[in-house]
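Here's a quick briefing to read with the structure open beside you. Go through it topic by topic, and find each residue as you get to it.

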Amino acid sequence: REVPVLSLYVVANPETGEVIESDTRLERVVVRENLRHNMLDVQVTEDSLNDTSTDLPYGHWLRPLWKLAQALSAQRENVRGKPENNSRVEYSFYLDGDPDDPDTPVRLVPRQRNAPLDRMVAEYMILANNLWGGLLNQHGVPGIYRSQQAGRVRMSTQALPHEAIGVPQYAWSTSPLRRYVDLVNQWQLIAAVEHGVSARLVAPFKPRDADLFAIIGAFDAQYAAWAEFQSAMERYWCLRWLKQHNITRTVAHVLREDLVRFANCPLVTRIGGMPELERGTAVEVEILGMDELSLELDCRYVGQVGPAAEEAAA
């Protein structure tokens with residue numbers, strides 16, 4: 001079936017990442033196929049993307065997208081003055097059975113954030129949020145922007161630079177079904193596309209609109225609440241996973257002072273009595289006890305570990 005979309009068309013130089021022109025349209029498209037990470041991650045690697053002689057699913061358009069994504073990333077890196085740290089591992093949680101049954105096996109599936117598909121998706125979301133934020137600003141239509149200057153991240157209705165990302169403006173716009181802020185920005189974008197220079201007079205939210213500031217305030221509070229809930233939920237299933245696998249010793253990496261992150265699951269905890277170590281140092285910890293109700297974990301520092309033990313635990 002046809003679905004309504006806000007589309008961004010971009011002409012860019014894949015060698016340099018220079019955006020030559022862009023066009024935003026309201027239209028309808030038919031989604032023929034959804035490409036899923038867990039189906040393609042194994043096949044879509046940097047080697048298969050760079051080697052045109054290998055057989056790659058959807059390679060005829062994934063390869064050009066990959067080339068441009070790399071150029072866009074390098075362009076942002078020049079602005080930031082340093083590379084992005086995308087080495088963190090993310091985890092998906094699976095319950096193989098009834099979630100209400102305490103004996104239902106918990107499965108953690110790791111995946112690298114810097115996998116080529118992730119990098120392509122991220123790069124084109126950043127491109128869209130940057131260009132669409134610029135489009136709103138060009139037409140004098142207020143939007144909700146996320147900026148970072150001098151290390152301070154904030155949300156506002158003005159187009160300001162995001163130094164950590166390396167773009168002149170950044171307006172969340174690409175996930176209107178997932179984030180209310182993106183939906184608001186798409187309403188504003190639709191007005192800009194339909195009305196051009198007069199959009200600021202007919203857009204749902206006008207310049208200095210008090211309702212827009214109220215949405216930002218409410219979103220910040222809601223976003224923090226959801227993040228806290230997500231963290232507690234992941235922590236609970238991590239504790240259940242550790243218990244089911246009878247893990248009493250594991251490797252963790254120092255975040256700061258006595259705070260560490262486990263190498264085999266997305267669990268962060270404090271280790272009392274741990275010596276002062278550099279960030280990223282691999283240490284062995286012993287799990288003395290846990291409470292699934294309070295989500296507390298009691299651990300003891302055992303010592304630093306070498307590269308071989310660290311690799312085995314990851």
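**The nonpolar cores**

The largest nonpolar core has 25 residues, and the ones touching the most other members are Phe-262, Leu-267 and Val-283. Keep in mind as you look around that this is a predicted model.

- In soluble globular proteins, nonpolar side chains tend to be buried together.
- Which residues does Phe-262 touch, not counting residues up to four places away in sequence? The answer is Leu-242, Thr-250, Val-251, Ala-252, Leu-267, Thr-269, Val-285, Ile-287, Leu-297 and Cys-299.
- There's also a second, separate core of 14 residues, and Ile-144, Met-155, Val-167 and Phe-219 are among them.

**A nonpolar patch on the surface**

- Nonpolar side chains turn up on the outside too: Trp-226, Phe-229 and Met-233 form a surface patch, with about 340 Å² of accessible area together.
- To find Trp-226, look along helix H7, which covers residues 210-244.
- Is Trp-226 buried or exposed? Its relative accessibility is 53%, so Trp-226 counts as exposed, since the cut-off for that word is over 50%.

**Gln-169, a polar residue tucked away**

- Gln-169 sits in the loop between strand S6 (152-156) and helix H5 (180-195).
- With a relative accessible area of 13%, Gln-169 is buried, because buried means under 20%.
- What does the side chain of Gln-169 make a polar contact with? Its partner is the side chain of Asn-130, at 2.8 Å.
- If you leave aside neighbours within four places in sequence, the contacts of Gln-169 are Asn-129, Asn-130, Gly-133, Gly-134, Tyr-145, Ala-159 and Leu-160.

**Two loop residues with positive phi**

- Glu-257 isn't a glycine, yet its phi is positive, near 45°.
- You'll find Glu-257 in the loop between S7 and S8, and at 61% relative accessible area Glu-257 is exposed.
- Leu-295 is another non-glycine residue with a positive phi, this one near 65°.
- Leu-295 belongs to the loop between S10 and S11, and with a relative accessible area of 18% Leu-295 is buried.

- Val-5 is part of strand S1, which covers residues 2-12.
- Val-5 has a relative accessible area of 24%, so it's partly exposed.
- Not counting residues up to four places away in sequence, Val-5 touches Arg-25, Leu-26, Glu-27 and Val-29.
- How far apart are the C-alpha atoms of Val-5 and Met-39? They're separated by 25 Å, and the two residues are 34 residues apart along the chain.

**Salt bridges**

- Side chains of opposite charge can pair when their charged atoms come close.
- How many salt bridges does a search of the whole structure find? The search turns up 13.
- One of these pairs is Lys-67 with Glu-15, whose side chains meet at 2.7 Å, N to O. Lys-67 is in helix H3 (residues 59-80) and Glu-15 is in the loop between S1 and strand S2 (19-30), so this pair ties together parts that are 52 residues apart in sequence.
- Lys-67 is partly exposed, at 39% relative accessible area, while Glu-15 counts as exposed, at 57%.
- Arg-107 and Asp-96 also meet in a salt bridge through their side chains, at 3.0 Å, N to O. Arg-107 lies in strand S4, and Asp-96 lies in the loop between strand S3 (89-95) and S4, so the pair ties together parts that are 11 residues apart in sequence.
- Arg-107 counts as partly exposed, at 37% relative accessibility, and Asp-96 is partly exposed too, at 41%.
- Then look at Asp-118 and Arg-111, which form a side-chain salt bridge at 2.8 Å, N to O. Both Asp-118 and Arg-111 are buried.
- Asp-41 comes into the picture here as well: Asp-41, Arg-111 and Asp-118 are linked in a network of salt bridges.

Conventions:
Residues numbered from 1 in each chain as written. Predicted model: local features only at pLDDT ≥ 70, side-chain atom pairs only at ≥ 80, totals over all residues. Heavy atoms only, no water. Patch = residues over 30% accessible without salt bridge, like charges linked within 9 Å, V, L, I, M, F, W, Y side chains within 5 Å. Areas by Shrake-Rupley, 256 points an atom, 1.4 Å probe, with all protein chains shown as cover. Salt bridge = Lys/Arg side-chain N within 4 Å of Asp/Glu carboxyl O. Helix = DSSP H or I, 4+ residues; strand = E, 2+ residues; numbered from the N terminus. Buried < 20%, exposed > 50% of the residue type's maximum accessible area, 1.4 Å probe, protein only. Core = buried A, V, L, I, M, F, W, Y, C linked by side-chain atoms within 4.5 Å. Contact = heavy atoms within 4.5 Å. Polar contact = N/O pair within 3.5 Å; in protein donor to acceptor, adjacent residues only side chain to side chain.
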